[in-house]
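Hi,

Here is the structure I promised to pass on. Have a look at it first, and then read my notes below.

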Amino acid sequence: MPDQNPSPTAMLRVEGLQKSYGDFVALQNISFTAKQGELVCIVGPSGAGKTTLLKCIAGLLAPSGGIVELDGEAITGPPKKMAVVFQEYGRSLMPWMTVRRNVELPLLRTTPKAERRHLVDTVLESVGLSAAGDKYPWQLSGGMQQRVAIARAVAYSPEVLIMDEPFASVDAQTRADLEDLVRYIWKKFGVTVLFVTHDIDESVYLGQRVIVLSMTPTIVQEDLTIDLPEDRDQLNTRALPRFTELRTHVYEQIQRAKRDSERRPDAESPAA
Amino acid sequence: MSAPAVTRRLLPASATRRLPRWLDGLLEAVGLPLVLLVLWALSALVAPNRYFPAPWRIAEAFVKTWVGESFFVDVLPSIGRLLVGLALAIVIGIAVGLLIGSVRWLRQFVEPVFEFFRAVPPPMLVPLLAITLGIGDTAKIAVIVAGAVWPILLNTVEGVRAVDAVQRETATSYQLSTVQRVVYLTLPSAAPQIMAGIRQSLSIAIILMVISEMTNSSSGLGLRITFFQQNFQIPEMWSGIVLLGFIGIALALLFQIAERLVLGWYRGLKETERA
């Protein structure tokens, strides 16, 4: 099997990942890899255990079984080369710190002051927040707060950037801007991105690959390559016939996942 | 006729305000005290009472009693013990509160004991501390700490426990060190509750300062006030009570400044949430 010897380009490898809480099996068997510099979207119906999966990968939850490897090393706690952008931007930023201090916080131990200042300036500029450095997060709109969280993650210089439904609670226009920001950041910093969403269009628009999850107990329903052109923009990409085909395909997969899960308890109940 | 009234209502409150802001604030602060003072003076004129002397009699006694040597012999040492006691209560309360709030088994272990010690009135400790620590400053400061530490400690424990789960995960995933976690996450997050605890402790500390000086003391405000009372020097006794009030006000003002410095972000956040 090729998996015995992971290829050197596999940045993140998830193999037979399983997580249960008592009798409840949240994740049954999750396996996938993300190559160095890849942008992978994970999409699934609500209740698919997306956040559980992310927390296992981020080392915030201990899996019940299976392997998570980052750059060939098993993950047992939060790894140094990984940064997480949480869905709840309002709760993940520190309200008692200015934007600049928030972005700087993870760097305090690792980076000398002058370099830190320069780095913070650079990332704030690349997320379009140069002017907001001295403001407090609560003085900014939701979309801008999430930009701060992204800037903080990028400044940490991770090899893998994990985003947990980061745009679930911003309006549609802001969301489109932030999606393009993710593509921009991904290209500019060459980081491997794992982007979790429940939004099918978003997953197809953003990803090089889309991994479709089933309902709990969760497995990988499909691992789909998105063969859209590399340069994407909100108007033209979404108007492509291929985009429509792909989103229809993912949509059907998710519907199937829901149907399967409805059937499963019925099939089990007579036996029980 | 009604037109100006309508316009006025539409304007924000600040636009209709005639007085400059500082004067407005000053009036707000001294308005009621002035009224009370006048009422008191009137009642002293209409129906003089030996136990409630007129304000000018007390003012006279105030200057005679406290301005001069007594300020250095009695007032300053009292205030010194008060401040040292408060500072110790704040440091101990926050440090122990941080520890107990962060370690679950420790909290479950000590909480019942806390309820016991908290229920013991600190003035009861005065005789005990006089025996063990003597009648010097140490015993008096210990009484202040023993009473003032509880609101701070218990509020710190609550504040530490209430740190947001997402913020905690953020700190974990960015691998903040333990010290960084305490300094940049736990303490600021618990600060609103800690400050509320300190505010409660201020008045407790003043009460205990006086009580600790009432017995076994050679100097201090509590000693002097008790002395005046026992010798029927009523205006002098009242002047001591007034002085205590002033100390209380000064302490509250200091606290307000500190709160503004520490919790500026919190006020802004709350205002944004309300808007």
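This is a predicted model: local features need pLDDT of at least 70, side-chain atom pairs count only at pLDDT 80 or more; totals for chains, interfaces and linings use all residues.

As for burial, 4 of the 5 residues of β9(A) are buried, so the strand is largely enclosed by the rest of the structure.

Now zoom out to the sheet. It is an open one of 10 strands in chain A, with mixed pairing and the order β5-β4-β1-β2-β10-β9-β3-β8-β7-β6. The edges are β5 (73-74) and β6 (82-85) of chain A, each of which pairs on one side only.

Strands β6(A) and β7(A) run parallel and are joined by 4 bridges, and the partner of A:Val84 in β7(A) is A:Ile162. On to β8 (residues 192-197) of chain A: 5 bridges join β7(A) to it, again running parallel. One of the pairs puts A:Val160 with A:Thr192 in β8(A). To get from β7(A) to β8(A), the chain passes through helix α6 (residues 172-189) of chain A, in a right-handed β-α-β crossover.

Which way do the β7(A) residues point? A:Val160, A:Ile162 and A:Asp164 go one way, A:Leu161 and A:Met163 go the other, and all are buried. With 5 of its 5 residues buried, β7 (residues 160-164) of chain A is largely enclosed by the rest of the structure.

The largest has 82 residues, and the members that touch the most others are A:Ala151, A:Ile162, A:Val193, A:Leu194 and A:Phe195. Helix α5 (residues 142-155) of chain A gives the most to this core, namely 8 residues. What does A:Ile162 touch, once its neighbours within four places in sequence are left aside? Its contacts are A:Leu54, A:Ile57, A:Ala58, A:Met82, A:Val84 and A:Leu194. Apart from that core lies another, of 44 residues, including B:Ile90, B:Val149, B:Ile206 and B:Trp238.

Finally, the records and domains. For chain A, an unreviewed UniProt entry lists residues 12-240 as "domain: ABC transporter". Over that span the chain is 34% helix and 28% strand, with the end C-alpha atoms 31 Å apart. For chain B, UniProt (again an unreviewed entry) lists residues 75-259 as "domain: ABC transmembrane type-1". This span is 86% helix and 0% strand, and its end C-alpha atoms lie 26 Å apart. Chain B is also divided into domain 1 (19-48) and domain 2 (54-274). The centres of domain 1 and domain 2 of chain B, taken over C-alpha atoms, are separated by 29 Å.

Cheers

Notes: Residues are numbered from 1 along each chain as its sequence is written. Chains are lettered from A and ligands numbered from 1 in the order in which they are written. A nonpolar core is a set of buried Ala, Val, Leu, Ile, Met, Phe, Trp, Tyr and Cys residues joined through C-beta atoms within 7 Å. A residue is buried if 20 or more other C-beta atoms lie within 10 Å of its own, exposed if 12 or fewer, and partly exposed in between; C-beta atoms are placed from the backbone. Helices (H or I, at least four residues) and strands (E, at least two) are DSSP runs, numbered from the N terminus. Two residues are in contact if their C-beta atoms, placed from the backbone, lie within 7 Å. UniProt positions are given in the numbering used here, feature names are shortened, and annotations may be inferred rather than shown by experiment. Domain bounds come from an automatic or database domain assignment. Two strands pair if DSSP finds at least two bridges between them. A crossover is right-handed if, with the strands pointing away from the viewer, the path from the first strand over the helix to the second runs clockwise.
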